[in-house]
Amino acid sequence: MFRADIRILAFAGVLLAVAGCAGMSQQACQTSDWRSVGFDDGSVGRSESIFANYQRQCAEHGVQPNLDAYRQGHAQGVEVYCQAGNGFDAGHSGAVYQGVCPKNLEPEFLANYNSGHRLFELEAAVRNIDSQIASNNYEQERIRGELTSIAAAMISSDTKPEDRVVMVSRSAELGRRYGELTNETRSLTEERVVKDRELREYQQTLASR
């Protein structure tokens with residue numbers, strides 16, 4: 001199956017998960033094609049243990065889902081999900097493998113899944129560092145703004161002496177925090193160089209396969 005088809009199935013699975021979390025309506029419980037539901041779950045790597053959620057939700061409406069039909073569809077969906085060519089995309093998406101693949105398909109699927117998941121982890125590490133650096137820069141900008149406001153208030157004739165004492169203390173506190181952020185950002189920048197190099201080397205390894 002083409003990757004685009006897999007992504008469509010994955011998106012459908014996300015929508016189904018959202019609906020499941022919200023609770024199935026009586027109409028959904030009564031009219032669902034449980035073989036199709038099973039196929040949708042299996043094709044995105046979801047364990048058939050989720051069927052227990054459907055049973056619990058539908059029991060509230062006095063409906064018993066068709067387990068046999070669900071299992072038939074799930075087994076067919078798993079065959080789609082566990083194709084070796086889908087393993088890399090599944091891992092790269094960050095999805096957790098739920099142990100659904102049959103033994104004849106699992107080794108090759110997992111090899112590709114692990115490769116994709118490693119790429120996901122390396123990319124996520126770089127993104128997380130970038131996010132923290134951006135957060136630090138934002139906080140430093142806020143501190144500079146507050147220090148500017150304090151400086152203006154300090155020279156104002158309307159400011160009381162006791163307020164100036166508080167402002168001096170606050171300025172010192174902000175200065176210390178600004179310095180901490182500077183040191184933290186420096187360390188993060190150095191760490192990013194290392195993580196980015198690891199990412200690029202791994203990308204090159206994948207490209208050479």
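**Notebook: salt bridges**

I noted that E121 and R118 sit 3 residues apart in helix 7 (residues 106-154), so about one helical turn separates them. The model I am reading is a predicted one. I looked up the contact between these two side chains and found a salt bridge, 3.8 Å from N to O. I then checked accessibility. E121 is partly exposed at a relative accessible area of 37%. R118 is also partly exposed, with a value of 37%.

Next entry: a pair across two helices. I found a salt bridge between E146 and R170, with 2.7 Å between the closest N and O atoms. E146 belongs to helix 7 and R170 to helix 8 (residues 161-207), so this pair ties together parts 24 residues apart in sequence. I recorded E146 as partly exposed, at 22% relative accessibility. R170 is partly exposed as well, at 27%.

Next entry: a pair within helix 8. D196 and R200 are 4 residues apart there, about one turn of the helix. Their side chains form a salt bridge, at 2.8 Å from N to O. Are the two partners buried or exposed? I recorded D196 as buried, because its relative accessibility of 18% is under the 20% cut-off. R200 counts as exposed, because its relative accessible area of 51% is over 50%.

Last entry: the total. I searched the whole structure and got 11 salt bridges. Among them are E121 with R118, E146 with R170, and D196 with R200.

Technical notes: Residues are numbered from 1 along each chain as its sequence is written. This is a predicted model: local features need pLDDT of at least 70, side-chain atom pairs count only at pLDDT 80 or more; totals for chains, interfaces and linings use all residues. Side-chain values use heavy atoms; hydrogens and water are left out. A salt bridge is a side-chain nitrogen of Lys or Arg within 4 Å of a carboxyl oxygen of Asp or Glu. Buried means under 20% relative accessible area, exposed over 50%, partly exposed in between (1.4 Å probe, protein chains only).
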